[in-house]
Amino acid sequence: MARLPGIMALSAFLCSCTILQPQRWPAQSGKIILTFDDGPNGDGVSEALLDVLRKHKVPAAFGVIGESVRASPHIVQRIKEEGHDIINHTYSHNRPFFSASALDLEIMRADQAIALALSDPNYRTTRFRPPYGLITPAVHFSAEARSRQRAYLTFYIDDAGVGPRDAEQLLETIKRRLIHSNGGVIVLHETRYPPTRAYLPDKSWLPSGIEDLIVWA
């Protein structure tokens, strides 16, 4: 018990520096919000995932990367047409230790890519999720970031590097956390971005994994 204040202080510190908000809705509501970052994935994962969501009539939010939007505009069109939310996750997913002006440009370029994909020059995202979920001074001072709602999470289980072999264990961990928090906002990754890294995990398990999670919930 003597260490509890320190633990609580650490939790508050992490919440101030990241998008983690463990007490926010839908925690304790029994509801789950699905979000997917680092897409769209042009290798069939995104489209199979959208098939699952359409089959079960489940809305979700997609944190898209501008560079990937330019490569797969048809997927972003489908995300919008099928009623899902689009989150601005920057243009190139650079580490967020840059200046506010550089972040403004990243966000604006991502919006431009999304607007082009949707054939709507006036389209502008209303939500923003910083790369790695970190709320740096650049995020605080960026005019573009401040003009959007931050797409928060109630808890985070790192799935970005998970392939098919470890997918079942990951999903069981997510289920346990959802039971513990009685709901929440969670994120899974359509790919690990940027794709030029030496290890690019096989995310082919994601659509079936999400279907399992939807049926379980």
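Select α9 (206–216). Its buried residues are Leu 206, Pro 207, Gly 209, Ile 210, Leu 213 and Ile 214; buried means under 20% relative accessible area, exposed over 50%, and partly exposed in between, with a 1.4 Å probe and protein chains only. Helices (H or I, at least four residues) and strands (E, at least two) are DSSP runs, numbered from the N terminus. Now look down the axis of α9: the buried residues fall within an arc of 160 degrees, so they line one face of the helix. That arc is taken from the directions from the helix axis to the C-beta atoms. An α-helix has 3.6 residues a turn, so residues three or four places apart point the same way.

This is a predicted model, in which local features need pLDDT of at least 70 and side-chain atom pairs count only at pLDDT 80 or more, while totals for chains, interfaces and linings use all residues. Residues are numbered from 1 along each chain as its sequence is written, and side-chain values use heavy atoms, with hydrogens and water left out.

Next, show what covers the buried residues of α9: the cover includes β1, α2, α8 and β6.

**Strand β6**

Select residues 184–189, which form β6. Here 6 of the 6 residues are buried, so the strand is largely enclosed by the rest of the structure. Gly 184, Ile 186 and Leu 188 point one way, and Val 185, Val 187 and His 189 point the other way.

Beyond its neighbours within four places in sequence, Leu 34 touches Leu 53, Val 58, Ala 60, Ala 61, Ile 186, Ile 210, Leu 213 and Ile 214.

Which residues touch the most other members of the largest nonpolar core? They are Leu 34, Phe 36, Leu 53, Phe 62, Leu 188 and Ile 210, in a core of 39 residues. A nonpolar core is a set of buried Ala, Val, Leu, Ile, Met, Phe, Trp, Tyr and Cys residues joined through side-chain atoms within 4.5 Å. In soluble globular proteins, nonpolar side chains tend to be buried together.

**His 189 and Asp 38**

Return to β6 and select His 189. His 189 is buried, with a relative accessible area of 8%. Leaving aside neighbours within four places in sequence, its contacts are Asp 37, Asp 38, Tyr 156, Asp 159, Ala 160, Lys 203 and Leu 206.

Move to one of these contacts, Asp 38, which is found in strand β1. Is Asp 38 buried or exposed? At 3% relative accessibility, Asp 38 counts as buried. Its phi is near 75 degrees, a positive value in a residue other than glycine.

**Other backbone stops**

Asn 182, in the loop between α8 and β6, also has a positive phi, near 50 degrees. Asn 182 is partly exposed, with a relative accessible area of 35%.

Two prolines come next. A cis peptide bond joins Gly 39 and Pro 40, with omega about 0 degrees, and Pro 40 lies in the loop between β1 and α2. Another cis bond joins Trp 25 and Pro 26, with omega about 15 degrees; Pro 26 is in the loop between α1 (4–17) and β1. Most residues other than glycine have a negative phi, and most peptide bonds are trans.

**Charges over rings**

Select Arg 24 and Tyr 152: the charged end of Arg 24 sits over the ring, 3.8 Å from its centre. Then select Arg 109, which lies over the face of Tyr 91 at 3.9 Å from the ring centre. The rule asks for NZ of Lys or CZ of Arg within 6 Å of the ring centre and within 35 degrees of the ring normal.

**The end of the chain**

Finish at Ala 217, in the segment after α9. Ala 217 is exposed, with a relative accessible area of 67%. The C-alpha atoms of Ala 217 and Lys 31 are separated by 8.8 Å, though the residues are 186 apart along the chain.

How values were computed
Contact means heavy atoms within 4.5 Å.
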